[in-house]
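Could you have a look at this one with me? My notes are below, point by point.

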Amino acid sequence: MNNLPRVNANGHIGPVDAAQVPRYAGAATFARLPRLDQVEQADVAVVGVPFDSGVSYRPGARFGGNHVREASRLLRPYHPALDASPFENLQVADAGDMAVNPFNINEAIETVQQIALDLTEQGTKLLTLGGDHTIALPLLRAAAERAGSPVAMLHFDAHLDTWDTYFGAEYTHGTPFRRAVEEGILDTEAISHVGTRGPLYGKKDLEDDRRFGFGILTSSDVFRQGVDEVVAKLRDRIGSRPLYISVDIDVLDPAHAPGTGTPEAGGITSRELLEILRGLRGLNLVGADVVEVAPAYDHADITAVAASHVAYDLITLMGLSDEH
């Protein structure tokens, strides 16, 4: 299996050649790329975190990473919308899954943070496949440590994820960004939610969120203002700061992503999400995640296909970060 023909370029080991090996054959690494142990050094590592012990409604995102990997078999080496060949510009490899404790959230968070630091020790950037959104906190800790400063963040999600506690628990998939602000790892001049919608517990949720420094562009804003205006606002807010992007797949309408744990009506389309991401070309993207894919609720792999393309675009953007 290690000798399968690959599309190699610029000294980088690329995906298995689909012209010689059918896409449905062989190991399901992300985009059929090599494993991390098959390359000398990776510019970007795709890593899974099969953890969903922080969810508050439907479980199952622990199986999301491999579901996205299966859907990514159809990805191709050239990205026409960005006129880029990400696997030619970068050495991208699949680092497999982190082994984290499903019964102890605090321990799991510490494990994710340490493995993220280990994987990025030589300058590698991470594209992480969740898992639930709890994992964003340790990933942000690692990103800020590697950047040497608090990082800017764009958070694509139906929900704010800045609540204080659930049942007295401080670490859940609804609290990571409140904890991140409290820990000082986010640049509060450059953080924003995109695509939020749906009912809240009270108006105080929005008041707290603004107090933390978040800007909000709701799914209605995307619809009414359009992608170009949204992108302009986000670029102005982020500037040249080191940027982390966190994508909860439930930012998409359930029509585009039914396979998730806390779906909300009225979301953005997969086309809008991809166009917004593409509009961020040239920003200093230092890390990203795609989380909350729950295959048990997916239909015809709709959610996994969307998530795989979002991950592909994020990897491509990492290769274009030097344009900033």
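**Notes on pockets, packing and backbone**

1. Helix α4 makes the biggest contribution to the lining of the second largest pocket, giving five residues. Helices here are DSSP runs of H or I with at least four residues, strands are E runs of at least two, and both are numbered from the N terminus. A pocket is found on a 1 Å grid over the protein atoms alone, as an open set of points with protein on both sides within 12 Å along at least five of seven lines; a cavity is a set where a 1.4 Å probe fits but cannot get out, and lining residues have an atom within 4 Å of a point.

2. Before going on: this is a predicted model, in which local features need pLDDT of at least 70 and side-chain atom pairs count only at pLDDT 80 or more, while totals for chains, interfaces and linings use all residues. Residues are numbered from 1 along each chain as its sequence is written, and side-chain values use heavy atoms, with hydrogens and water left out.

3. Back to the second largest pocket. Its volume is about 220 Å³, where a volume is the space filled by probe spheres set on the grid points, joined across faces, edges and corners. It has 16 lining residues, and Thr120, Thr124, Ala143, Arg146 and Val286 are the ones nearest its centre. The elements giving two or more residues are β3 (125–130), α4 (136–147) and β8 (285–291). By class, the lining has nine nonpolar, five polar and two charged residues. (Ala, Val, Leu, Ile, Met, Phe, Trp, Tyr, Cys and Pro count as nonpolar, Asp, Glu, Lys and Arg as charged, and the others, Gly among them, as polar.)

4. The largest pocket holds about 510 Å³ of space. Look for His159, Trp163, Tyr166, Tyr201 and Glu264, which lie nearest its centre among 33 lining residues. That lining splits into 14 nonpolar, twelve polar and seven charged residues.

5. What lines the largest cavity? Leu243, Ile245, Leu280, Leu283, Leu285 and Leu317 do, giving six nonpolar, no polar and no charged residues. About 30 Å³ of space lies inside this cavity, and the structure has one cavity of 30 Å³ or more.

6. Now the helix pair α9 (residues 270–278) and α10 (residues 302–319): their axes come within 10 Å and cross at roughly 5 degrees. The axes are lines fitted to C-alpha atoms, for helices over the stretch in contact, with angles from 0 to 180 degrees between N-to-C directions. That makes α9 roughly parallel to α10, the term for angles under 35 degrees. Leu273, Leu274, Leu277 and Arg278 of α9 meet His309, Val310, Asp313, Leu314 and Leu317 of α10, with contact meaning heavy atoms within 4.5 Å.

7. Two aromatic pairs turn up in the whole structure. In one of them, phenylalanine 87 and tyrosine 312 are tilted, at 6.0 Å centre to centre and 55 degrees between the planes. (Rings of Phe, Tyr and Trp, the last by its six-membered ring, pair if their centres lie within 6.5 Å; planes under 30 degrees apart are stacked, over 60 edge-to-face, the rest tilted.) Phenylalanine 87 is in helix α2 (residues 86–89) and tyrosine 312 in α10, so the pair ties together parts 225 residues apart in sequence.

8. Please check the backbone too. The peptide bond from glycine 130 to glycine 131 is cis, with omega near 10 degrees.

Note on methods. Angles under 35 degrees count as roughly parallel, over 145 as roughly antiparallel, 65 to 115 as roughly perpendicular and the rest as oblique.
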